[in-house]
Amino acid sequence: MKEQAKIIHLKEKEIPEAWYNVLPDLPKPLEPPLHPATKEPVGPDDLAPIFPMGLIEQEVSSERYIDIPGEVIDIYRIWRPTPLIRATRLEQHLQTPARIYYKNEGVSPAGSHKPNTAVAQAYYNKKEGVRKLTTETGAGQWGSALAMGCNFFGLELQVFMVRCSYEQKPYRRVLMETWGGKVQPSPSEMTEIGKKVLESDPDTPGSLGIAISEAIEMAVREDDVKYSLGSVLNHVILHQTVIGLEAKKAFELVGDYPNLVIGCVGGGSNYGGTSMPFVVDRLQGKDIRLIAVEPTSCPTFTGGRYEYDFGDIAEMTPLLLMYTLGHDFIPPPSHAGGLRYHGDAPILSLLVKEGVMEACAYHQVEVFEAAVTFARTEGIIPAPETAHAIKAVIDEAVKCRESGESKCIFFNFSGHGLLDLAAYDEYINGRLSDV
């Protein structure tokens, strides 16, 4: 391995010029989405009321690489390429022979990985004459990223934010509003599905499944309004592959390569984008483990079923073959708001089902313990979602200490926690409990 700096920087000209599409390289083809009414495979016309055709084409594309538009790369240049960082102080603290690296996606203006697809989706919608987007958000990472993307391309935005996160994370709302987005706690009185849910349970904490239903209901009312999703779908993971593609280039610079690729999973966007460029290596026989980490409060991979299910509570979305806890599942109000979706991306679900990828789950108290360890060694405060990946990294590094193996562990630092300090306050003062 080459002598290296703690922070490995790529040059601006090394920002990927094409996204990597894993669909042609999967161990078996994905089963098609099914129409919610007929249960027949959906076609482009079925999706056109919700998404622009440019994204629909990417959703089913068989092209291995899809060019990134110049207008999107121009905005990526604000924060990309993101650094690959060797966590040497964490290694020393753990007294592990493991080499720990992380890709810091928290350096984006929105503080997370989400702008990688938000900017792209705003671009394709603007290109096709869309005036306004609607979306849902859990912890607010996605909503804030899309607000930024819509701002750059002159689109209006209505965000339905899961109520418990809306109350837990007020500054995420402020961030969205600063970029021009409008934010509504979900369920709300703005939609028929929202009214129906509130009628049956006025005190519901909300869920991403409810918020998605509200956003879609609003989107289909007008021709120049579309819906935008921040995770789960193929085109979202496609856009996020800039993370893994940059990471592979950076590892080449230092002459290293990961034995483990770890990331948190709610719907699958950040871990999908991180791991897909490494999945093809695994399928070609490379000795590499892919570990998806989720909360025990919403254990989709580790406690769900692999079956067709709706993406929302109102059964308006196409049915996807995925690991799911059921589209009517209402998760408890844990602080990892971005990991509380009932289903996982079909691509990741297939890889877990086929044994290419593995999954594990943690309680939130042990996750925050890992987050504080990271903050006190590396100096960066992670988002609660990111902290799940860090907990798995620490566990694997301790195993290396016990076995004496010098493995290379890589994870995606998907976002910082500077807007999640209320959760840290609860943990530090002993008020945080497992749910």
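Before you start, note that the model is predicted: local features need pLDDT of at least 70 and side-chain atom pairs pLDDT 80 or more, while totals for chains, interfaces and linings use all residues. Residues are numbered from 1 along each chain as its sequence is written, and side-chain values use heavy atoms, with hydrogens and water left out.

**Stop 1: a pair of helices**

Select residues 141-153, helix H6, and then residues 170-178, helix H8. Helices (H or I, at least four residues) and strands (E, at least two) are DSSP runs numbered from the N terminus. The two axes come within 8 Å and cross at roughly 15°; axes are lines fitted to C-alpha atoms, for helices over the stretch in contact, and angles run from 0 to 180 degrees between N-to-C directions.

Now show the side chains. Gln141, Gly143, Ser144 and Ala147 in H6 meet Arg172, Leu175 and Met176 in H8, where contact means heavy atoms within 4.5 Å.

**Stop 2: two cysteines**

Next, pick Cys164 and Cys298. The structure holds zero disulfides. Cys164 counts as buried at 6% relative accessibility, and Cys298 does too, at 1%. Buried means under 20% relative accessible area, exposed over 50%, and partly exposed in between (1.4 Å probe, protein chains only).

**Stop 3: Lys132**

Move on to strand E6, residues 132-137, where you will find Lys132. Is Lys132 buried or exposed? At 18% relative accessibility, Lys132 counts as buried. Leaving out residues up to four places away in sequence, Lys132 touches Glu156, Leu157, Gln158, Met218, Asp224, Val225 and Lys226. For a sense of distance, select Tyr308 as well: Lys132 and Tyr308 are 176 residues apart in sequence and 30 Å apart in space, C-alpha to C-alpha.

**Stop 4: Lys391**

Finish at helix H17, residues 384-403, which holds Lys391. With 15% relative accessibility, Lys391 counts as buried. Which residues is Lys391 in contact with, leaving aside neighbours within four places in sequence? Select Tyr362, Glu366, Val367 and Ala370 to see them.

Definitions and conventions: Disulfide = S-S within 2.5 Å.
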